[in-house]
Amino acid sequence: MNWNGLTLPNNPYYQDDAVVIYHADCRDILPLIPDKSIDLVLTSPPYYAGKDYEAYLPSYEAYLELLSTVWKSAKSFLGDGRQLVINIAHTAQNDTPAFVSVQLFNAGFTFEDNIIWEKPDGASPRFGCLVQNPFATWYLPNHTHENLLVYSQGKPRRERNTPLDMTYALQFRGDIWRLRSETNSKHEAPFPERLIASPITFYTNPKEIILDPFLGSGTTAYCAKKLGRKCIGIEIEEKYCEIAAKRCSQSVMDLSESKQTPANLSL
């Protein structure tokens with residue numbers, strides 16, 4: 001199949017001029033992506049935290065092996081100087097961001113940043129036990145942040161084809177981004193649109209191609225299309241492919257350069 005000049009696997013779940021979605025295990029699709037064809041990998045892998053959509057992963061070791069396979073594939077299809085931005089969180093049992101950082105280093109990517117997504121109202125019940133029993137001898141803080149690990153394929157590029165909206169850029173000039181979690185979603189762990197729109201805006205130019213190997217309900221594809229970029233998404237759960245396809249089919253790409261900013265996407 002030819003899509004925007006790329007030869008991609010046939011029979012996508014959904015396709016339009018800006019987005020193509022595959023219902024598949026990403027390990028079956030990624031080796032078929034043309035070399036050096038992707039300008040940004042932007043994704044939030046499963047957290048391995050007991051979610052229903054993680055049932056296909058039999059163990060934490062299998063989960064880490066899945067992630068390692070994805071990064072190794074990205075070495076081929078990610079363009080020189082282009083970034084990977086990976087939203088990942090630690091759990092009560094495992095420090096997954098640390099493991100992923102080691103995987104990316106071992107795969108040959110260059111560390112660029114670790115951005116903290118702070119969720120003002122994102123609180124787990126861990127601290128509640130201490131409130132109930134102030135004499136407890138242990139302490140478990142609530143989890144109120146996640147990591148956005150930023151790595152690049154070699155030396156990161158610094159040039160842009162279009163200027164940034166500086167009013168917007170100043171809002172995200174620090175490495176702690178305070179954004180509320182998404183609550184109006186049919187997915188168990190959805191992205192806030194602004195969390196995704198920001199790296200799309202900062203690390204890509206209009207018409208460039210983004211890949212999300214764990215597409216979920218399609219926020220990466222939706223935001224990419226709204227911001228004048230292209231997106232290849234892969235999702236193993238068909239119910240989420242359906243949601244993502246519906247979102248992308250209803251979005252209208254605004255081709256006005258002056259409006260290609262995240263300002264009109266939801267907080």
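D25 has a relative accessibility of 18% and therefore counts as buried, since the cut-off for that class is under 20%. In this predicted model, the side chain of D25 meets that of R27 in a salt bridge, with 2.8 Å from N to O. R27 is partly exposed, because its relative accessibility is 34%. Side chains of opposite charge can pair when their charged atoms come close. The count of salt bridges comes to nine, and two further ones are described here.

One of these joins the side chains of D39 and R82 at 3.2 Å, N to O. D39 belongs to strand β5 and R82 to strand β6, so that the pair links distant parts of the chain, 43 residues apart. Both D39 and R82 are buried. Another salt bridge is formed by the side chains of R247 and E193, at 3.6 Å from N to O. This pair also links distant parts of the chain: R247 lies in helix α8 (residues 238–250) and E193 in helix α6 (residues 193–203), 54 residues apart. E193 is buried, because its relative accessible area is 12%.

Strand β5, which holds D39, covers residues 38–43 and includes T43. T43 has 0% relative accessibility and so counts as buried. Which residues is T43 in contact with, leaving aside its neighbours within four places in sequence? They are V85, I86, N87, F191, D212, P213 and F214. With D212 there is a polar contact between the two side chains, at 2.5 Å.

β10 pairs with β5 in the parallel sense over two bridges, and L211 in β10 stands opposite V41. β10 is also joined to strand β11 (residues 230–235), again in parallel, by four bridges. There, G233 in β11 is the bridge partner of D212.

α3 has twelve residues and reaches 16 Å from its first C-alpha to its last, close to the 16 Å expected at 1.5 Å a residue. Its buried residues are T96, P97, V100, S101, Q103, L104 and A107. Seen down the axis of α3, these buried residues fall within an arc of 160 degrees, so they line one face of the helix. An α-helix has 3.6 residues a turn, so residues three or four places apart point the same way. What covers the buried residues of α3 includes α2 (60–77), β6 (78–88) and β8 (145–152). β6 is also the strand that holds R82, the partner of D39.

On the other side of α3, F105 and N106 are exposed. N106 lies in α3, which spans residues 96–107, and counts as exposed because its relative accessibility is 59%, where the class requires over 50%. The C-alpha atoms of N106 and W71 are separated by 9.6 Å, with the two residues 35 apart along the chain. Just after α3, G108 takes a positive phi of about 100 degrees.

Terms used:
Residues are numbered from 1 along each chain as its sequence is written. This is a predicted model: local features need pLDDT of at least 70, side-chain atom pairs count only at pLDDT 80 or more; totals for chains, interfaces and linings use all residues. Side-chain values use heavy atoms; hydrogens and water are left out. Buried means under 20% relative accessible area, exposed over 50%, partly exposed in between (1.4 Å probe, protein chains only). The expected span of a helix is 1.5 Å times one less than its number of residues. The arc is that of the directions from the helix axis to the C-beta atoms. Contact means heavy atoms within 4.5 Å. A polar contact is a pair of N or O atoms within 3.5 Å; within protein, one must be able to donate a hydrogen and the other to accept it, and residues adjacent in sequence count only if both atoms are side-chain atoms. A salt bridge is a side-chain nitrogen of Lys or Arg within 4 Å of a carboxyl oxygen of Asp or Glu. Two strands pair if DSSP finds at least two bridges between them.
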